[in-house]
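Here is a short note for a colleague who is new to this structure. Please read the points in order, with the display in view.

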Amino acid sequence: MPKAFWYDCGGLPASALPTGSVVEVPLKTRVVPGVVVETGTPELSFATKAILRLAPDSARVPAPWLELLQWIGKYYFTPLPLVLQAALPKTATRFLFRPPKRGVKSRSPAVGATRGVPLPPGDGGRQIPQPAQRAAIDAVA
């Protein structure tokens, strides 16, 4: 059953680790992504391991979302790490710490392909919305 663990800030200042920060931590023999859900200086009777790395600033679970996930855990009697694991895409957390070495190559669909939806023509790498999409965007805006 997943559970929360205490970690030492290591070489990072405590102010650099606000609640919701995505970090990389050692767990047994692996290195895994984690989320800071609480900070403080509790009296612990055991040694703690240090946080290895902090993800870029843009990789943070917003406080309201973290509060919602904590509420979900309490409401459904589910441990918070399990709720976080379900809410955060594994590929995204892996990407934060191990970005691809090469750019993604664009492949054109095979001739006669029947699956998929063709993308509208782009404008310098940006996609241009189709008329129906533009109407929906304008309606929402």
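1. Terms and basis. Helices (H or I, at least four residues) and strands (E, at least two) are DSSP runs, numbered from the N terminus. The model is predicted, so local features need pLDDT of at least 70 and side-chain atom pairs count only at pLDDT 80 or more, while totals for chains, interfaces and linings use all residues. Residues are numbered from 1 along each chain as its sequence is written, and side-chain values use heavy atoms, with hydrogens and water left out.

2. Overall layout. The protein has four helices and five strands. Along the sequence they run β-β-β-α-α-α-β-β-α. Of the 141 residues, 18% are buried. Buried means under 20% relative accessible area, exposed means over 50%, and partly exposed is in between (1.4 Å probe, protein chains only).

3. The core. Which residues make up the largest nonpolar core? The eight are Val35, Val61, Leu66, Leu69, Leu80, Val83, Leu84 and Leu88. Helix 2 supplies the largest share, three residues. Such a core is a set of buried Ala, Val, Leu, Ile, Met, Phe, Trp, Tyr and Cys residues joined through side-chain atoms within 4.5 Å.

4. The structure holds two salt bridges. The term means a side-chain nitrogen of Lys or Arg within 4 Å of a carboxyl oxygen of Asp or Glu. Arginine 53 pairs in this way with glutamate 24, with the closest N and O atoms 2.8 Å apart. Arginine 53 is in strand 3 (residues 53-54) and glutamate 24 in strand 1, so the pair ties together parts 29 residues apart in sequence. Glutamate 24 is buried, at 5% relative accessibility. Arginine 53 is partly exposed, at 39%.

5. Next to that bridge in sequence. Valine 25 lies in strand 1 (residues 22-27). It counts as buried because its relative accessibility is 6%. The C-alpha atoms of valine 25 and arginine 53 are 7.2 Å apart, although 28 residues separate them along the chain.

6. A bridge within a helix. Arginine 134 forms a salt bridge with aspartate 138, the closest N and O atoms being 3.2 Å apart. Both belong to helix 4 (residues 131-140); they are four residues apart, so about one helical turn separates them. Arginine 134 is partly exposed at 38% relative accessibility. Aspartate 138 is also partly exposed, at 46%.

7. Helix 3. Lysine 90 lies in helix 3 (residues 90-97).
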